[in-house]
Amino acid sequence: FPSHDMEGLKEVHDKISRDYLRIKAEAERLPISYTDDEKSTMQISVEDMELRLAVDTSDLVIWGGTMKNCIASYSEKAVQKTSYLLGIYRNNNLLYNMELARSGKTLRIVQLTAFRNASVPAEDRTRIEQAVSAMKLTG
């Protein structure tokens, strides 16, 4: 296939995948539960950015559609709490997605991406990394 055909094929694939995940999520909408400790530790403001935990699996589908990424494919990890999935907002606009993993009482960034999995600008990345490094769970 010529390279321009591959780009079109990728776009079709991405749209079908997003639509499939959206339909599946609506049919199988699962809540993602958190302790008060997890909420107060991770749902914070970092200067002009707001970190928000996904409330249920449909949040992940919406975020994936908005950000053109595959965050919805991590739904099971979020429900089972093997990962924490967050949307990072500025002025109520979704800018970034982040996956955190827990190691004891500390958290570490597994992924932090912008639109279409692009890199997060250095200034924002640094501020987010500093905030995550300061996060300590008590339970």
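The paragraphs below lead through the structure from its overall build to some of its charged pairs and one of its helices.

This is a predicted model, in which local features need pLDDT of at least 70 and side-chain atom pairs count only at pLDDT 80 or more, while totals for chains, interfaces and linings use all residues. Residues are numbered from 1 along each chain as its sequence is written, and side-chain values use heavy atoms, with hydrogens and water left out.

The protein contains five helices and five strands, where helices (H or I, at least four residues) and strands (E, at least two) are DSSP runs numbered from the N terminus. Read from the N terminus on, these elements follow the order α-α-β-β-α-α-β-β-β-α. The C-alpha trace spans about 55 × 35 × 30 Å along its principal axes. The radius of gyration of the protein is 16 Å, which agrees with the value near 14 Å that a compact globule of 139 residues would have; this radius is taken over C-alpha atoms, and the globule rule is 2.2 Å times the number of residues to the power 0.38.

How much of the protein is buried? Buried residues make up 39% of the 139 residues, where buried means under 20% relative accessible area, exposed means over 50%, and partly exposed lies in between (1.4 Å probe, protein chains only). The protein exposes about 8,100 Å², and carbon and sulfur atoms supply 54% of that area, as computed by the Shrake-Rupley method with a 1.4 Å probe. Among contacts (heavy atoms within 4.5 Å) with a separation of 6 or more, 60% are between residues 24 or more positions apart.

Charged side chains come next. The protein has 19 positive and 20 negative charges, whose mean positions are 2 Å apart; Lys and Arg count as positive and Asp and Glu as negative, while His and the chain ends are not counted, and each charge is placed at NZ of Lys, CZ of Arg, CG of Asp or CD of Glu. The structure holds nine salt bridges, a salt bridge being a side-chain nitrogen of Lys or Arg within 4 Å of a carboxyl oxygen of Asp or Glu.

One of these joins K81 and E38, with 2.8 Å from N to O. This pair links distant parts of the chain, since K81 sits in the loop between α4 (75-80) and β3 (84-90) and E38 in helix α2 (residues 36-42), 43 residues apart. K81 is partly exposed at 27% relative accessible area, whereas E38 is buried at 3%. Another salt bridge connects E50 with R52 at 3.2 Å, N to O, and here E50 is partly exposed, with 36% relative accessibility.

A further salt bridge brings together D124 and R127, at 2.5 Å from N to O. Both residues belong to helix α5 (residues 122-133), where they are three residues apart, about one turn of the helix. D124 is buried at 7% relative accessible area, and R127 counts as buried at 12%. Through salt bridges that share partners, E47, D48, R90, D124 and R127 are joined into one network.

The last stop is helix α3, which is mostly covered, with eight of its eleven residues buried; among them are L60, V61, W63 and M67. After α3 comes K68, whose phi is positive, near 55 degrees. In the loop between α3 (57-67) and α4 lies A72, which is buried at 8% relative accessible area. A72 and A114 are 42 residues apart in sequence, and their C-alpha atoms are 15 Å apart in space.
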